[in-house]
Amino acid sequence: DYRDVLAVHNVNAIRRINLGLELDLRKTFFLRTGMTRGYWTAGVGLASKYGSIDFGTYSEELHPRNLHSIEDRRISIRYGSHF
């Protein structure tokens with residue numbers, strides 16, 4: 001994913017790139033890694049016929065223009081039920 005192709009917002013090019021990779025093991029266990037807006041991302045997921053749970057981490061840059069100035073690392077947890 002490449003955002004702002006015309007560079008209208010005048011930010012560093014690495015902040016406009018998102019990349020990701022997911023490894024699926026028997027549709028039960030998932031490993032995820034990537035890069036979003038210049039910071040690494042990672043996650044793990046478990047799924048069954050009853051539901052799924054995912055854990056992940058990513059960062060947001062809080063400085064409006066610079067890269068790696070004010071990093072805000074976030075952790076996410078998601079549960080979904082299947083019925």
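**A charged network and the strands that carry it**

Tutor: Arg32 has a relative accessible area of 29% and is therefore partly exposed, a class that lies between buried (under 20% relative accessible area) and exposed (over 50%), computed with a 1.4 Å probe and the protein chains only. The model is a predicted one, in which local features need pLDDT of at least 70 and side-chain atom pairs count only at pLDDT 80 or more, whereas totals for chains, interfaces and linings use all residues. Residues are numbered from 1 along each chain as its sequence is written, and side-chain values use heavy atoms, with hydrogens and water left out.

Side chains of opposite charge can pair when their charged atoms come close. The partner of Arg32 is Glu22, and their salt bridge brings the closest N and O atoms to 2.7 Å, the criterion being a side-chain nitrogen of Lys or Arg within 4 Å of a carboxyl oxygen of Asp or Glu. Because Glu22 belongs to strand 1 and Arg32 to strand 2, this contact ties together parts of the chain that are 10 residues apart in sequence; strands here are DSSP runs of E with at least two residues, helices are runs of H or I with at least four, and both are numbered from the N terminus. Glu22, with a relative accessible area of 46%, is also partly exposed.

A second contact involves Arg78 and Asp54, whose side chains meet in a salt bridge at 2.6 Å, N to O. This pair links distant parts of the chain, since Arg78 sits in strand 5 (residues 71–81) and Asp54 in strand 4, 24 residues apart. Salt bridges with shared partners then join Glu22, Arg32, Asp54 and Arg78 into one network.

The structure holds 7 salt bridges, and one of them is the contact of Asp24 with Lys27, where N and O are 3.9 Å apart. Asp24 is partly exposed, at a relative accessible area of 33%, and Lys27 is exposed, at 65%. As for Leu25, which has its place in strand 1 (residues 18–25), a relative accessibility of 41% makes this residue partly exposed.

Strand 2 (residues 29–36) pairs with strand 3 (residues 39–47) in the antiparallel sense over 8 bridges, pairing being counted when DSSP finds at least two bridges between two strands. Within that pairing, Phe29 has Leu46 of strand 3 as its bridge partner, and in the hairpin of these strands, with 2 residues between them, Arg37 takes a positive phi near 50°. Strand 3 in turn pairs with strand 4 (residues 51–61), again in the antiparallel sense, over 6 bridges; Ala47 has Ser52 of strand 4 as its bridge partner, and the hairpin of strand 3 and strand 4 has 3 residues between the strands.
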